[in-house]
Amino acid sequence: MSAPSLDHVQVAAPRGCEDEARRFYGKVLGLEEIEKPPALRSRGGAWFRVGAQELHVGVEEPFTPATKAHPALRVADLDEVRARLEAAGARIVDDDGTIAGVRRFYTADPFGNRIELLTRSP
């Protein structure tokens, strides 16, 4: 039996989240928005490509942000992404450096969901 692979991760957001999701995930983080299947469009939200995987922002009611569970996005230039987030007014929480060879910090999307950004040393 072959091991499974990760297809996508979903974060929740409140109804009407689409413009803010596109601004944060698309413009600030630089993810490519991908088209949702026609049968799912009426549910709201937005989908983005993250490498070979996807990140889905899905509408959930009632909505409660995930403040511990989170997607972790590996980036090539952590300092550049941090600068974009700070310019957009995002709060940054630095990591304590407990993982050797990994630099990382946390932020939150516009809905309060925790997001980890990291880079690994070669």
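Contact means heavy atoms within 4.5 Å. By that rule, Glu 60 touches Ala 12, Ala 13 and Pro 14, leaving aside residues up to four places away in sequence. This is a predicted model. The protein has two helices and eight strands. The briefing starts with the whole chain and then turns to its parts.

**Overall build**

- Along the sequence, the elements follow the pattern β-α-β-β-β-β-α-β-β-β.
- Along the principal axes, the C-alpha atoms fill a box of roughly 45 × 45 × 25 Å.
- Of the 122 residues, 38% are buried.
- Take the contacts with a separation of 6 or more: residues 24 or more positions apart account for 55% of them.

- Helix 1 covers residues 18-28, and its buried residues are Glu 18, Ala 21, Phe 24, Tyr 25 and Val 28.
- Gly 30 follows helix 1 and has a positive phi, near 80°.
- The largest nonpolar core has 24 residues, and Tyr 25, Leu 29, Val 57, Leu 85 and Leu 117 touch the most other members.
- Strand 1, helix 1, strand 3, strand 4, helix 2 and strand 8 each supply at least two residues of this core.
- Helix 1 gives the largest share of the core, four residues.
- Leu 85 touches Phe 24, Val 28 and Leu 29, among others.
- The contacts of Leu 85 also include Ala 90, Ile 92, Phe 105, Thr 107 and Leu 117, again not counting residues up to four places away in sequence.

**Phe 105, a buried residue**

- Phe 105 sits in strand 7.
- Is Phe 105 buried or exposed? Its relative accessible area is 1%, and buried means under 20%, so Phe 105 is buried.
- Beyond four places in sequence, Phe 105 touches residues that include Leu 78, Arg 82 and Leu 85.
- Ile 92, Val 93, Asp 94 and Asp 95 are also among the contacts of Phe 105, as are Ile 115, Glu 116 and Leu 117.
- Phe 105 and Asp 95 are ten residues apart in sequence, and their C-alpha atoms are 5.1 Å apart in space.

**The largest pocket**

- The volume of the largest pocket is about 250 Å³.
- Strand 1 (8-13), strand 4 (53-59), strand 5 (72-74) and strand 8 (114-120) each give two or more residues to its lining.
- There are 13 lining residues, and Leu 6, Val 50, Ala 72, Leu 73 and Arg 74 lie nearest the centre of the pocket.
- The lining has eight nonpolar, two polar and three charged residues.

**The loop between strand 4 and strand 5**

- Both Glu 60 and Pro 62 lie in this loop.
- A cis peptide bond joins Glu 61 and Pro 62, with omega about 0°.
- How does Glu 60 count by accessibility, and at what relative value? Glu 60 has 39% relative accessibility, which lies between the 20% and 50% cut-offs, so Glu 60 counts as partly exposed.
- Glu 60 and Gly 45 are 15 residues apart in sequence, with 9.4 Å between their C-alpha atoms.

**Two other partly exposed residues**

- Gln 53 is in strand 4.
- Gln 53 has 30% relative accessibility and counts as partly exposed.
- Which residues does Gln 53 touch, not counting those up to four places away in sequence? They are Leu 6, Asp 7 and Phe 48.
- Gln 53 and Thr 64 are eleven residues apart along the chain, and 24 Å separates their C-alpha atoms.
- Arg 41 lies in the loop between strand 2 (32-34) and strand 3.
- At 41% relative accessibility, Arg 41 also counts as partly exposed.
- Arg 41 touches Glu 35 and Lys 36, with residues up to four places away in sequence left out.
- Arg 41 and Gly 16 are 25 residues apart in sequence and 13 Å apart in space, C-alpha to C-alpha.

Notes
Residues are numbered from 1 along each chain as its sequence is written. This is a predicted model: local features need pLDDT of at least 70, side-chain atom pairs count only at pLDDT 80 or more; totals for chains, interfaces and linings use all residues. Side-chain values use heavy atoms; hydrogens and water are left out. On a 1 Å grid over the protein atoms alone, a cavity is a set of points where a 1.4 Å probe fits but cannot get out, and a pocket is an open set with protein on both sides within 12 Å along at least five of seven lines; lining residues have an atom within 4 Å of a point. Grid points are joined across faces, edges and corners, and a volume is the space filled by probe spheres set on the points. Ala, Val, Leu, Ile, Met, Phe, Trp, Tyr, Cys and Pro count as nonpolar, Asp, Glu, Lys and Arg as charged, and the others, Gly among them, as polar. Buried means under 20% relative accessible area, exposed over 50%, partly exposed in between (1.4 Å probe, protein chains only). A nonpolar core is a set of buried Ala, Val, Leu, Ile, Met, Phe, Trp, Tyr and Cys residues joined through side-chain atoms within 4.5 Å.
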